Amino acid sequence: MAERSDSESRKLLGRLREAMAEENAGQERLDKITTLIASSMGTEVCSIYLFRDAETLELCATQGLNPDSVHKTRLRMGEGLVGRVARRNRIINSADAPQESGFRYMPETGEESFSSFCGVPIQRLGEKLGVLVVQSKEARDYSSDEIYALEVVAMVLAEMTELGAFVGEGAALSPLHQQQVLMKGGTAQEGAAEGRVWLHEPRVVVANPIADDPEAEQGRLDTAIEELRVGVDEMLAGAAGGDKDQLQVLEAYRMFANSKGWLRRMKQDIDQGLSAEAAVEKEQSTARARMSQASDAYLRDRLHDLDDLSNRLLRILTGQGKNTGAEMPEDPILVARNIGPAELLEYGRKLKGIVLEEGSVGSHAAIVARALAIPLVIHAERITTEALNGDQIMVDGDQGLVHLRPDESVVTAFRDKIAMQANAQERYASIRDKAATTLDGTTISLQMNAGLMADLPSLEGSGAEGVGLFRTELQFLIRNQMPRRTELAKLYSHVMDSAGDKQVVFRTLDIGSDKVLPYMAPQDEPNPALGWRAIRVGLDKPGVLRMQLQALLRAAKGRPLKVMFPFIAQFDEYTAAKAEMDKAVDRERILGHAIPSELTVGAMLETPSLAFAPQKFFEEVGFISIGGNDLKQFFFAADRENERVRKRYDTLNVSFLTFIEGIANRCRSTNTPVSFCGEDAGRPIEALCLAAMGLQILSMRPASIGPVKSLLMRTNLSELRAVIEDARESGEQTVRPAVLEYLRKQSQAPR
Ligand code: PEP
Ligand code: MG
């Protein structure tokens, strides 16, 4: 039976290919295909439904149903058996269709006389394109061989749809990837960008889904699989002794690459008449369909691995490597399923924007995008299937919106927004060299946060007075192995060179929680944000901390140096960390190396406990920097990465502001310099209120310096303070409404 159906489906595919080769319009091709399938399968009806929009299927060709219903009969996703096949992305095979739940009678097609029904999704790598249906009067279940043959045909139809073989009149026959699409994703880095799509992993185009020489195709598949296996073994050898997760993924690759079942299914597909590429893609489509339905995270991860491996195999077979020869457009907007921080850094500032199908706010890629100030939207579902290289795309990182192939009205509105931002930037440039002095004469020092060498040029452009926070962990996160002391010393030295006279506050390695180094054994902790992180790791395993302190001391080459320790929760952690610094200085002195002319050592206040540390701590510490991101999450017990709870608590909440004020007052009483370097420092209204609470040093993203300075310069801080005090006394939960009202009256809302 299998023999017979193999050769029959091969014959059918052969005839399909001939039909495709004829110079026909899309509609004629579709008509011919339905006739071919119906006759070769011995069924009365064969119909092809294609999507006219994301939710509606349209009958586009039929053999056996009323021809007048073509392009008239439409079904919503999930409606009737056809709609159900599409929604679930699964085959429905029934000998008694009218009895099936979901059956919907469509009088215009005259289908009541057909008893059996078999519908197969037409989909390409998870992209739903339509449904292929056969029906017959006789009540019968289609055999597994027949269904298999239909799947193979559906696969070929999907490829042909993708290649534009069925383009004709009407929405359902409109070419793919030409409609405008609006996607709502998540925000990960603000800003707006317009440009052209640059696919991180370009889609592999299978131009020859049908093959007539199965043996030759089997041979091509074998050779490609061999190349794949060798590649995976090499990757495994290279990663030996490395990160556990990476090894686990590679082991899964090896398992799949050697999987007999996978190979057997692909060979079967080739026997049915598919080319080697189409066979790989058919199995990949099946895996993608399962992936979208799998609720188990482990299974989903493994299916993902299989998907990646299939892509590798396809690239080997088609010779379409990552480097397709396409030229990167002028304003590239990177579109990817996901991307690692190192790859993202390779693109660097060339990118105007980034859109990811997956990703998360706390991912390393997001950290890098933020450091580079590139607008980033995450969770843009289906973007990698919808977008093609070179498509026009607009990214709104403030609202998490992505406009793909936008129409004129969207383009105009979007450009207005960008122009407004550019105007504002121009205005900010005019105050770049002015001090951030309020109307009543208080000067606030505005500094910038950085983490990469690439950030340093912004020091000049933004008008920042210095780098108030240099996050050193980015250098560790983007590597596959621990950086060496000499490398780090060189880098830190470069940073200081580029900063010139301006000061840089280096924060020692802040890892743990969401920042996991690929080359350090991951900790299995129930609650990593409250776990073994930052200075806790530094003190328990001081090797890396010592190495980093030495690198910093050497980088200074006798210049002044400022270093702070992250996540100090109690006095003795500061004392112990400072003792490490003192030891490092002694060692450098013994070695005859230059010692910084002035060494200032501080602590980050990121847990409420430190605000209540003994007075002696405040007297001893060189300076304090409030890490508002962490401090706020612990103050309100609300995870900073969990949008749902994070947004519940306003930074301008009276309790939080009063707490901040208490810290500022304590520092003033001991003359301890204090700054604020969390994200809130870069939000104009928040920055204003922090300044009103007594914080005179704020460190933020470079792009925020202009807007914050502009508002500070237009505000009378003591008046604002009085407004905050009134709101506090009147029992408000947050002072925001009162502050906004005050600013509105002063016409001083941020412009
Ligand atoms: C903070 O917690 O506010 C901070 C600046 O550190 P990070 O965001 O790197 O944790
Ligand atoms: Mg922090």
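Here is a short chat about a predicted model.

Guide: Local features here need pLDDT of at least 70 and side-chain atom pairs pLDDT 80 or more, while totals for chains, interfaces and linings use all residues. Residues are numbered from 1 along each chain as its sequence is written, chains are lettered from A and ligands numbered from 1 in the order in which they are written, and side-chain values use heavy atoms, leaving out hydrogens and water.

Visitor: Which residues coordinate the magnesium ion (ligand 2)?
Guide: Donors are N, O and S atoms within 2.8 Å of the metal (3.2 Å for Na, K and Ca), and sites may look incomplete because water is not among the atoms. Here the donor atoms, an OE and an OD, sit at 2.0 to 2.1 Å. They belong to Glu 606 and Asp 630.

Visitor: How many residues apart are Glu 606 and Asp 630?
Guide: Helices (H or I, at least four residues) and strands (E, at least two) are DSSP runs, numbered from the N terminus. Glu 606 is in the loop between strand E20 (599-605) and helix H20 (608-611), and Asp 630 is in helix H22 (residues 628-635). So the pair links distant parts of the chain, 24 residues apart.

Visitor: Is Glu 606 buried or exposed?
Guide: Buried means under 20% relative accessible area, exposed over 50%, partly exposed in between (1.4 Å probe, protein chains only). Glu 606 has 2% relative accessibility, so Glu 606 counts as buried.

Visitor: Which strands stand at the edges of the six-strand sheet?
Guide: Two strands pair if DSSP finds at least two bridges between them. This open, antiparallel sheet runs in the order E3-E2-E1-E6-E5-E4. Two strands have a single partner each, so one side of each is left without a neighbour: strand E3 (74-76) and strand E4 (92-94).

Visitor: What angle do H4 and helix H8 pack at?
Guide: Two packed helices are described by the angle between their axes and the distance between the axes. Axes are lines fitted to C-alpha atoms, for helices over the stretch in contact (heavy atoms within 4.5 Å), and angles run from 0 to 180 degrees between N-to-C directions. For H4 and H8 (residues 276-293), the axes are 11 Å apart. The angle is about 105°.

Visitor: Which residues in H8 meet H4?
Guide: On the H4 side are Tyr 148, Glu 151, Val 152, Met 155 and Glu 159. Their partners in H8 are Ala 278, Glu 281 and Lys 282.

Visitor: In E14, what is the bridge partner of Val 181?
Guide: E7 and strand E14 (residues 401-404) pair in the antiparallel sense over four bridges. The partner of Val 181 is Leu 404.
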